[in-house]
Amino acid sequence: MMNTTSVAHSDCPEVKIPASLFTTIGLISLAENFLVVLAVIRNRNLHSPMYCFICSLAAFNTIASVTKTCETIMIAIADGGTLEKKGSSETKLDDIIDSLLCMSFVGSISSFLAIAVDRYITIFHALRYHNIVTMRRTRAILAVIWTTCGVSAVLMVRFFDSKFIMICFVIFFVLSLAIICFLYAFMFMLARIHARKIAALPTTAGLKCRWRGRSMRGALTLTILVGTFMVCWAPFFLHLIIIMVCPTNPYCECYRSLFQLHMVLMMCHALIDPAIYAFRSAELRQTFRRMLLCSYWMQCS
């Protein structure tokens with residue numbers, strides 16, 4: 001993938017992950033994320049801006065699962081001698097796969113940013129939320145995210161040999177996470193202050209208090225999602241930094257020998273996210289239950 005696996009001479013052997021493990025994780029995460037997308041589409045109660053962004057996140061995870069599974073199958077076929085690893089058609093197909101993987105990453109973190117802003121507005125501008133975050137604006141934001149991700153993915157793969165592009169890739173990751181962490185830290189800090197003030201208000205403020213409580217639970221869910229994203233993707237970005245900073249250092253090469261393990265972590269991110277949705281959202285759990293028991297489809301027929 002994008003020339004990140006080539007290593008110089010090192011005493012550390014490259015860690016090999018069985019292709020069957022990549023394929024299994026990819027297929028399971030594909031099924032899970034597809035189920036999330038389907039649940040949001042079919043359940044009208046989930047037709048809200050936040051769930052639209054979550055659906056977008058699941059769609060990007062689905063793309064990552066499909067492309068990585070296809071790449072694993074291609075590598076297995078190439079190892080069997082059926083495909084040429086350096087053929088022109090194979091190289092173009094590999095570029096497409098890499099573009100889709102980059103698109104899924106940029107899309108995932110862009111979706112996290114959109115969700116973080118949505119949670120901020122929900123908590124601190126609750127009374128004006130539906131005027132600020134309309135479905136029309138949500139669709140426009142999603143269109144911008146998907147268009148930007150597609151263009152940036154092509155540029156990243158086309159010019160990935162340039163250190164400038166690699167640096168931009170890493171800076172985007174670090175800067176986006178910094179913004180998200182700042183927003184959530186700010187939200188939780190102000191929420192504690194507001195909770196004390198609300199406790200002193202008369203009972204007429206109960207509705208706003210319940211709204212804020214639900215919003216904070218949503219913010220906590222997205223905090224868990226962001227934490228999972230950081231754990232699963234950070235090793236890969238450390239890998240990119242090492243390529244730029246110390247490409248021939250033997251100690252750095254030892255870390256680079258774990259590249260396939262980093263890829264497993266990245267794929268596990270798409271596997272874990274739907275489990276977090278189901279665990280934190282009662283509405284999603286009910287929708288999953290109806291879909292899996294087929295009663296939902298019978299009611300809609």
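Here is a tour that starts with the whole chain and then stops at a few places inside it.

**Before you click**

This is a predicted model, so local features need a pLDDT of at least 70, side-chain atom pairs count only at pLDDT 80 or more, and totals for chains, interfaces and linings use all residues. Residues are numbered from 1 along each chain as its sequence is written, and side-chain values use heavy atoms, with hydrogens and water left out.

**Stop 1: the whole chain**

Colour by secondary structure. Of the 301 residues, 46% count as buried; buried means under 20% relative accessible area, exposed means over 50%, and partly exposed is in between, using a 1.4 Å probe and protein chains only. Among contacts (heavy atoms within 4.5 Å) with a separation of 6 or more, 83% join residues 24 or more positions apart.

**Stop 2: two helices crossing**

Select 19-42, which is helix H1, and 282-292, which is helix H10. Two packed helices are described by the angle between their axes and the distance between the axes. Axes here are lines fitted to C-alpha atoms, for helices over the stretch in contact, and angles run from 0 to 180 degrees between N-to-C directions. H1 and H10 pack at about 100°, with axes 10 Å apart. That is why they count as roughly perpendicular to each other: the label covers 65 to 115 degrees, while under 35 is roughly parallel, over 145 roughly antiparallel, and the rest oblique.

Now show side chains. Leu35, Val36, Leu38 and Ala39 in H1 meet Leu284, Thr287, Phe288, Met291 and Leu292 in H10. By class, this contact has eight nonpolar, one polar and no charged residues. Nonpolar covers Ala, Val, Leu, Ile, Met, Phe, Trp, Tyr, Cys and Pro; charged covers Asp, Glu, Lys and Arg; the others, Gly among them, are polar.

**Stop 3: two residues in H2**

Pick Thr62 in helix H2. Is Thr62 buried or exposed? Its relative accessibility is 14%, so Thr62 counts as buried. Skip neighbours within four places in sequence, and Thr62 is in contact with Leu30, Asn33 and Phe34.

Next select Lys68, also placed in H2. Lys68 is buried, at 8% relative accessible area. With the neighbours within four places in sequence left aside again, Lys68 is in contact with Phe22, Leu101, Met263 and Met267.

**Stop 4**

Which residues are closest to the centre of the largest cavity? Select Ala64, Ser104, Trp233, Met266 and Met267, out of 14 lining residues. The volume of this cavity is about 140 Å³. Helix H2 (49-79), helix H3 (88-124) and helix H9 (259-280) each supply at least two residues of its lining. By class, the lining has eight nonpolar, five polar and one charged residues. A cavity is a set of points, on a 1 Å grid over the protein atoms alone, where a 1.4 Å probe fits but cannot get out, and lining residues have an atom within 4 Å of a point. Grid points are joined across faces, edges and corners, and the volume is the space filled by probe spheres set on them.

**Stop 5: Leu183**

Finish in helix H6 (residues 163-199) with Leu183, which is buried at 14% relative accessible area.

Methods
Helices (H or I, at least four residues) and strands (E, at least two) are DSSP runs, numbered from the N terminus. On a 1 Å grid over the protein atoms alone, a cavity is a set of points where a 1.4 Å probe fits but cannot get out, and a pocket is an open set with protein on both sides within 12 Å along at least five of seven lines; lining residues have an atom within 4 Å of a point.
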